[in-house]
Amino acid sequence: MPSYYKRRNEMTLNSNSNLCRRLDIPHFQPALTRRQMLAQTGAGFGAVALNGMLAEAETLKSGSAVQGCHHPPTAKSVIFLFMEGGPSQLDTFDRKPLLNKLAGQALPASFREPITAMGEKGAPLLECKREWDHYGESGLEISNWFPHVAQHADELAVIRSCYGEGINHSGGCNLMNTGSIIAGRPSLGAWVTYGLGSETEELPAFVVMKDQKKSGTNGVRSWGPGFLPATFQGTPVGDGANDEAIANLKLPAGINETRQRQKLDLIRKINQMHAARLPDVSTLDARIRSYELAYRMQSAAPEAVDLTRETAETRNLYGLDEKQTANFGEICLLARRMVERGVRFIQLFSGTGSGWDAHSGIESNHTKYCGSVDKPIAGLLTDLRRRGLLDQTLVVWGGEFGRTPMSEKGTGRDHNPTGFTMWMAGGGVRGGQVIGATDELGLYATEDRAHVHDIHASILHLLGLDRLELSYNHQGRLERPTVNEGKMIQQLIS
Amino acid sequence: MSRLFKQSVNHQTAISSISMRRPSGVRLRRTGSNSDPCWNRILQTSCIAMGVAIIFLFITSVGYGAEDDAKLRFFESKVRPLLLAKCYECHSADKAEGGLRLDTGRHVRKGGDSGKVIIEGNPDQSLLVDAIRYQNLEMPPEAPLTETEQQVLIDWIRDGAFWPEESDSAHNTEPVAEQVWWAAQPLAPGKTPEASNESRSRNAIDLYVDRELHSAGLKRAATADRRRLIRRLSLDLLGLPPTPEQIQRFLDDRHPNAYGRLVDRMFAEPAYGERMARRWLDLVRFAESDGWRADAFRPQAWRYRQFVSDAFNEGMSYDQFVAFQLAGDEIAPGDDRALAAVGLLRLGIYEFNQRDAEGQWQNIVDELTDVTADVFMATGLACAKCHDHKFDPIPRSDYFRFRSVFEPILFVDRKPERTTSESNAQIQTLLDELASVEGDDLQSLANGAVDRFPLNVQDMYRKPASERTTYEHQIAYLVARQVIDEGLTDSKVTAALGKERSKRRKEILQELSRLSANPYEKADLITVADADGSIRPTRLPGRSNGKAFEPGAPQVLGGQSFPEQRDSPTQTSGRRTALAAWITSPENPISARVLANRIWQYHFGTGLVDSPNDFGRLGQLPSHPQLLDYLAKSLIDSNWNIQELQREIVNSETYRQATDHPQLSRALEIDPDNRLHWHRTVQRLDAEQYRDSLLIAMNALQTQYGGPSVAGTPGRRSIYLQRKRNSSDEMLNALDSPNGLVGTAKRDVTTTAPQTLMMMNSPRIVNAAKSFAGHVRKQVLNIDEANRASAFVMLACEIISGMPADQKTIDLLAPLAANGQEGEADVCHILINSNSFLFIE
């Protein structure tokens, strides 16, 4: 072996770990698993990972069930219910009696004035018109905008002290989806898929579904792979043309099943002949297999999204029969079917395109949007519970931020990234509890503050992933899903 | 290159087109400069990152009690951030003033020249507390700590001055600094290796490569056949496959230097510049939209692409290429092309409605700093933004010295120049009427937009331009842009003026546009210039006084200061020109290595350093260090002639090798990754090669060179398709074309199910197959029916893969091709899905 080449290998293997030892910092993980090794060398990645499906599924099936995990997980899948536009915490899960007392007055001087998106200066505080009640054995306080979800109070861990830095939708959505207000990082679902792979060979590992056929804030970036290989990006379901479940799933017009199969056979034969000449190129094999996979997907995906097989009772449970709840109910029910089929990360969008963004007329806006998701979400929790899936499925609810106690345009509320509410249920989370608190007006998170990075770290933790160990070498920087910040919110499971 | 610092720059910006009056009766409060939440966040970030490291260490090595937990939290959330922000500038590894360092537990306990500074458990006896109370000493010297801050340190000392780490490493660069960083060493190509008897080549590249091969007991593969060579070379240099006619001409060329002549022809093609531009555009995160929520299209962005493509075609030297992109406005302020070139600094993302203008500007300049270091130096400066680089010898001060180069930079949106000769009087009349039609209504609309910003930002904006500092100009630009883009939208203007007046306004504006005098006209060129006014000193985040960083090179690369060329506040500073000159100066060994490596990667798929944007310690070491230095030195010696280096590479035997090797299994055992270049590594078509090849197969490629981007999916080369960051072209995206959010030095090559589904089922591909079939059909019409199907398969294969079909393929596909137009389309669809199309041998 030539000297330089040898030296290179030795240095590659040793220099980092020596350096780490000397610096005593966990900036580098020795390449232990095949996945890490591939990620670090960048070699032949495409050859072994097909949309997080093929190779990973094989790994998972052949070895221990949780090969990618850093510690034992309590959740296998995630359903992230994203209320796009920013739901008001003050009118749903975080009651502030003082707000109604001071309604109409300016924000007291003792509260630091935040930079708000719309910058309305000196706007009076807006009262909350909800009625509130205590629910379940835990007595969680929930407003009458979520009467159905309230029935699951004992399943919910309500985190009232969330905060982030994105004062606008774009930054907020980017932070909630990718861990940074600035574009370019991988989405959380992409990280999870990269870390854990998939348990299905026939469906994508990371699925995105929207309540309306339009583009949401930041477009495809919200489920993009960032600097991870495209293999790990989210796949929109139900968003394609021609009512396809997944883009290009349907056979091209005028081509029947037989003709398609014939073409696939010929492609395989020709590509096998080609690969025989180049036995060392593993990508060639991967491409050959990808056709089989795509073929299987063509039958599996339509089956997965076929709701006609669900009973009338189930359809009713999700509100499919009512106009107001049908859209979101449908994707909630699809989410359950995906979880059953081993899909790892499912993100549902309500109010696609900032629907929840109640700058004015919050009463009518939130009446509409809460009404459209309340029953479906409750139905989802009920259904997951009775099928024994809730214990292994983490359900997360929230938007990119909350809303201000100050009014905007008299009847609305502006964006509030400095204190808002999210909740989690299932997946090992202890329900019936409140974590953290905002100040007396719900403007700033004050107790046990939970940055979006903490939320992400917690989701990863519940899936068995450590936010620091999960890393990817991008341009010489070991990038991690929470930008090296955040920590597991221990109270979720204690 | 000449340095023309002395020319003043015309700051023609959107700002100047509307002047905002301060609303009467409103008193403006001035808030302190420490109120910027972004700074705070960054401070917090650095500390959290550091805290994370400490926590990890602590858990693994020491054990962990609940009490310690509380102390640790207090330390990491309160104490360390405070020390970092207020003390480390003078009392840390970089500069232990008074012999005191406060950045490690050991040093804190040890104290400084005056002895111990803390007595654990006894704040009143501690010198440190004396100092922060301004009793004997006065620390920090600029301003005392607030009472709350003082109390933090007092509480900390009272509780035992808990310090979590057990090693000295957290804020210590010594272990790194003492190591030698290969990329910063002078170029050392050594003596060109002697040609051995067996060697077929005198090309220096081959000699370097052969030496390593021989010592590994390997030999190069044979030269590839001409068909494969022309396809490889054509896709490499032009991004386009050769047509069957071009292949035939090359096969028929009996000249002894047929290959060399082919290379020459290709460098002369305009497509060469397009191909090279695409590679460069990846690197500099080129896209044509804002990349935040609105993702507005940037109709001017193509001018930058045009500069890049022209530069490659003209054979511009790399030092000029760098200078134009970093300082085109300084070196040639009157030249549109130079102004477009420096548009490199305008390619980043932009949020159209961000009220936190100061935080936004902070992010913008951070990004410019990072991108510049990545692109030209392959050095991850970003790590050093919040802390000294953990692996590379880059202290935080280097980051801020580098960043200060961009301190005075201002975005300039240039309006189209007046081209008509109409009298000024006519224009003035129209402008007067415009003012009367708009009245105060538009002014108050604009004022309302300004009022949404924090008060100190409003102040900066409302200041007379002549009194602004560079920083205030920068912030004012961001405000002004929002006033126009968001505050004065058509619907808002119509609502404010009413139907009649807004209709008249539109007419006036149209007329003014015709006269090239519309004050609201969209920019035709986006560029930068140094702002007027005094240049804000570059300081650590959150600091408004204390140490200021002067522009200069990183210490490990010489650390020289860049000369300041500003004699008056309206002159450009020359900082960026100085940076560009330093990047390509002979004393700087890293730039030539980085570029040589990129060019090597362009031709072999993998660089000699397989981490093209990281030449630091987390990156890879060069497989052939002397070869890399030889190439780098050749670049410098040729006055940075990129084409000359490419010629040397593509003319080498190393480049011309075949993919197969007589001793394949043995070679694979010794060097499975082919880092020694014992054969040619197969490469998949990239997204643009894929789409452009399809266009050629369809006979639908329009070869028009240059110009603005086109919407939709016409027959133009892929480089001319509009690139929007939030909505990428399905086909290009499926084949790993980057979205332009961050720079991409090496693309991923993924194989995914959505990609395969697209190739099988997308109507676009199916239609491509039909057109492809039609193109082939026309050429085999005159062949007799018995042989037509075979001929069809033969020709289709040659068009798509450069190789005529072999007998087995003909046997497989000819029956289908005999099956009418549908069958022919199926054959073409199959071939589009074949690996002999998708992979380049």
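Trainee: What makes Arg396(B), Ser397(B), Asp398(B), Tyr399(B), Phe400(B), Arg401(B), Phe402(B) and Arg403(B) of H16(B) count as buried?

Mentor: A residue is buried if 20 or more other C-beta atoms, placed from the backbone, lie within 10 Å of its own; 12 or fewer make it exposed, and counts in between make it partly exposed. Those residues of H16(B) are buried. The model is predicted, so local features need pLDDT of at least 70 and side-chain atom pairs count only at pLDDT 80 or more, while totals for chains, interfaces and linings use all residues. Residues are numbered from 1 along each chain as its sequence is written, and chains are lettered from A and ligands numbered from 1 in the order in which they are written.

Trainee: Why is helix H16 (residues 396–403) of chain B called largely enclosed?

Mentor: Because eight of its eight residues are buried, it is largely enclosed by the rest of the structure. Its buried residues pack against helix H15 (357–377) of chain B. A helix here is a DSSP run of H or I with at least four residues, a strand a run of E with at least two, both numbered from the N terminus. Chain B has 34 helices and six strands, and buried residues make up 52% of its 841 residues.

Trainee: Why are H30(B) and H33(B) called roughly perpendicular?

Mentor: Helix H30 (residues 763–780) of chain B and helix H33 (residues 820–832) of chain B pack at an angle of about 115°, with their axes 8 Å apart. Angles of 65 to 115 degrees count as roughly perpendicular, under 35 as roughly parallel, over 145 as roughly antiparallel and the rest as oblique. The pair is therefore roughly perpendicular.

Trainee: Which residues of H30(B) and H33(B) make the contact?

Mentor: Contact requires C-beta atoms, placed from the backbone, within 7 Å. Among the residues involved are Ile765(B), Phe772(B) and Arg777(B) of H30(B) and Glu824(B), Cys828(B) and Ile832(B) of H33(B).

Trainee: How do you know that S9(A) and S10(A) pair?

Mentor: Two strands pair if DSSP finds at least two bridges between them. Strand S9 (residues 402–408) of chain A and S10(A) have four, in the antiparallel sense, and Gly402(A) has Asn416(A) as its bridge partner. In their hairpin, with three residues between the strands, Lys409(A) takes a positive phi near 50°.

Trainee: What makes strand S10 (residues 412–416) of chain A mostly covered?

Mentor: Five of its five residues are buried.

Trainee: How many bridges join S2(A) to S3(A)?

Mentor: Four bridges join strand S2 (residues 132–135) of chain A to strand S3 (residues 140–143) of chain A, and the two run antiparallel. Trp132(A) has Ser143(A) as its bridge partner.

Key: Axes are lines fitted to C-alpha atoms, for helices over the stretch in contact, and angles run from 0 to 180 degrees between N-to-C directions. Two residues are in contact if their C-beta atoms, placed from the backbone, lie within 7 Å.
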